[in-house]
Amino acid sequence: MSVLTRDEAQTRATLLDVHRYTIDLDLTTGDETFDSRTTIRFTVRDGQDPTDTFVELKPARLRTVTLDGQPLDPETLDDNRLPLKNLTPGEHELRVDAAMRYSRTGEGMHRFTDPTDGETYLYTQLFLDDVQRVFAAFDQPDLKAVFELTVKAPEGWTVLANGVTEHLGEGRWHAAPTPLISTYLVAVAAGPWHSVRTEHRGLPFGLHCRRSLAPHLDADADELIEITRQCFDRYHEKFEEPYPFDSYDQAFVPEFNAGAMENPGLVTFRDEFVYRSAVTDTERQVRAMVIAHEMAHMWFGDLVTLRWWDDIWLNESFAEYMGYQTLTEATRFTDTWTDFGVNRKSWGYDADQRPSTHPVAPEHVDDTASALLNFDGISYAKGASALRQLVTWLGEKDFLTGINTHFARHKFANAALADFIDSLASATERDVHAWADAWLRTTGVDTLAPVVTPASDGTCTLTVRHTGSRPHRIAAGLYDMDIADEGRHLLLRARLDLDLPHTDPQPLGKRPALLVLNDSDLTYAKIRFDPASFDTLRTCLSGLPEPLTRAVVWNALRDAVRDGELPARAYLDTARTHLPHETDLALAEGVLAFASAQIADRYVTPEQRPAALATLTALCRDLIRRTEDGDNPGLRLIAVRHYIDIAAQPDTIAAWLAEGTVPGGPELDPDLRWRVLGRLAVLGAVDEAAIAAELKRDPSATGQEGAARCRAALPDPDAKQRAWDSMFAGDDLSNYLFTATAQGFWQPEQADLVRAYMPRYYDDAVAVAARRGPAIADAAGRWAFPAYAVDAENLRLGEECLREADPVPALRRRLTDELDDLARALRVRQA
């Protein structure tokens, strides 16, 4: 498929004004294709000579095309571009009649049949340039238009869209015309949905999921609706511009590639957010944050839209920041920044230290394929961190004033970085342009290290060694031992406000037991500790009074391990000492995840791995023992999950599976049963018959994925060959089944069994990515990559692939990142 370049988009935007799309979709024509009839009304601007342009379309069959009533030859379609020649100034009408393919990879019009009950569901995912898989369009964000859709669906189905839909009878549905929106934001979802409907502020609100998930959605409907209302009301307190659309539906859809998508009036979420099994309160908080994030997009992205994809951050960074901040202000989840600090922020730090890093606001994104690669930890987590620092520096009042000016100037239109900075500058005397240059146009992570200098009178001073170029406004936390409890806890003496770079020494009084730079986590930088503070942390980390401070400390220890400055074993020992006393679920989950997935699986050598797993097993056992009285079921669930995932022997978890419960709880729900079965498969303690029996017990889509993961994990040559062939030799696996199979395939315990597949991986991944498109390319690079093989030969093969095999951009980016992580793991082992 030809990708649209920035230059082509700019040229087309100077030629055309697009007014209205009238789209008629027929979803009753079979399992492979649907009919798409599109009328586009547009104007060629005055002053143009007769000119040529093109419209994008990727059909299974292009039946007819007419321009201003005159037929065009369908054979002129070149790949995904239909040329429009000799267009004169004035109004034009293009009509396109085509058959379009359903997708099985979450791109375009995705089709899913629920194995639980045989019901079929369809939904669109048109981001970033997949609208052409559904209907003909001038597919770029700055050619906004009105969209009016009519959809024919099977009887008994409900059709959802950006606007309120009306059933006209005989399976035909009409959606209210939209305001001016971009092509990538058009949305349709059709199927026998289970719906929960209500109203708020005169607007219809709805929750929708497939019927087999109805009991689970109903169980959480009150919580979901309450969070939606709370965020909606809080945004109306922040923003002067009211919600700009006629309804607010939230559809939980199957096999969704992202967390959610901000289609105006019809937000789509991955339906794992409809919980079938027990979850922690932190997981509920994450779901709530995604709701808040997507709602923020109704203003940041939908009302005011980026002009081109170099300003992705104007969408994602703002929605990320606003989602966390608004959730903290408006809901029961008042400690969301801890989860951001320990889980999301590390995503940004990692991405920003790879060769694929880019500025938050890059100056040039040449085409749509390049743009798609920038939806990463930088555009989300680093960008949100930068905005949090901006608010700290600017003040929230001036920040919100600038935002509201931006909405007023550009509503239902498009804007770029310069427009946004001008809006902010109108609200403050500060030099916002210089701030933007320093924060949004640069790459890399600054490092802040304290230097504590004693004086002759027993006091000391602080200076900060600042590696990097960005200004930072931070707090430095000074902590003393709590003498009352024999020094097990730390008391906050003071927080110093510092503007960096700052050269004047700061008086501290007596030396604190612990000094924490970036206390409150208000900036984006790696921090280090002075030697005395590090000694304090060894014994008192869990005694820090605030979870956000502990998140800053754990992130610093994580960074030190990744940089080869702190031995991996020291991190494990610190976790073993302090995590049994942790009360914050996000911190417990984040520390255990890093310790198991990175340290035990990659950063220690195969010879050291058993000892690492033993430490983590003992840690999880401590957490399980500590929660026997039922006072912290979330922490207990986290510990049980990780105990299962790292089990080196099958006996205990096999007994849990046989008994259907962990002694003292929890009972094994579907998630835990598949988790146990997956680990037993790795250990060779189950067979195909056991997997089939479990699938009969749970024939759901999640069960199908669990079975695929287990079958790929079996330590059997035939099972490995079948899994490999299903991923790379055939094209039948959906995006989710491909991912599940890949997750099961490589296991550190099976290094000898799968070694022969490592050199095969690179050729086969390049081939399947080229055949099946960006979603599978990303999955092949992320989940099917042989990350277990931390050795020079794997690195050599990967680098050779990048040099010689010409992988598609999505796979190239993913391989670049995975190989950089592999090289880092090798360095950590050597250190």
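The residues lining the largest cavity divide into eight nonpolar, four polar and no charged, where Ala, Val, Leu, Ile, Met, Phe, Trp, Tyr, Cys and Pro count as nonpolar, Asp, Glu, Lys and Arg as charged, and the others, Gly among them, as polar. The model is predicted, with local features requiring pLDDT of at least 70 and side-chain atom pairs pLDDT 80 or more, while totals for chains, interfaces and linings use all residues. Residues are numbered from 1 along each chain as its sequence is written, and side-chain values use heavy atoms, without hydrogens or water.

A cavity is a set of points on a 1 Å grid over the protein atoms alone where a 1.4 Å probe fits but cannot get out, and lining residues have an atom within 4 Å of a point. Grid points are joined across faces, edges and corners, and volume is the space filled by probe spheres set on the points. Seven cavities of 30 Å³ or more are counted, and the largest holds about 70 Å³. Its lining includes Trp 299, Phe 300, His 406 and Phe 420; β20 (304–306) and α4 (312–330) each give two or more residues to this lining. Helices (H or I, at least four residues) and strands (E, at least two) are DSSP runs numbered from the N terminus.

Helix α24 (residues 757–772) has a kink of about 30 degrees centred on Asp 763, the bend being the angle between axes fitted to the seven residues ending at a residue and the seven starting there. Just after α24, Gly 773 takes a positive phi of about 100 degrees.

Technical notes: Expected span 1.5 Å × (residues − 1). 1 Å grid on protein atoms, 1.4 Å probe; cavity = no way out; pocket = protein on both sides within 12 Å on 5 of 7 lines; lining within 4 Å.
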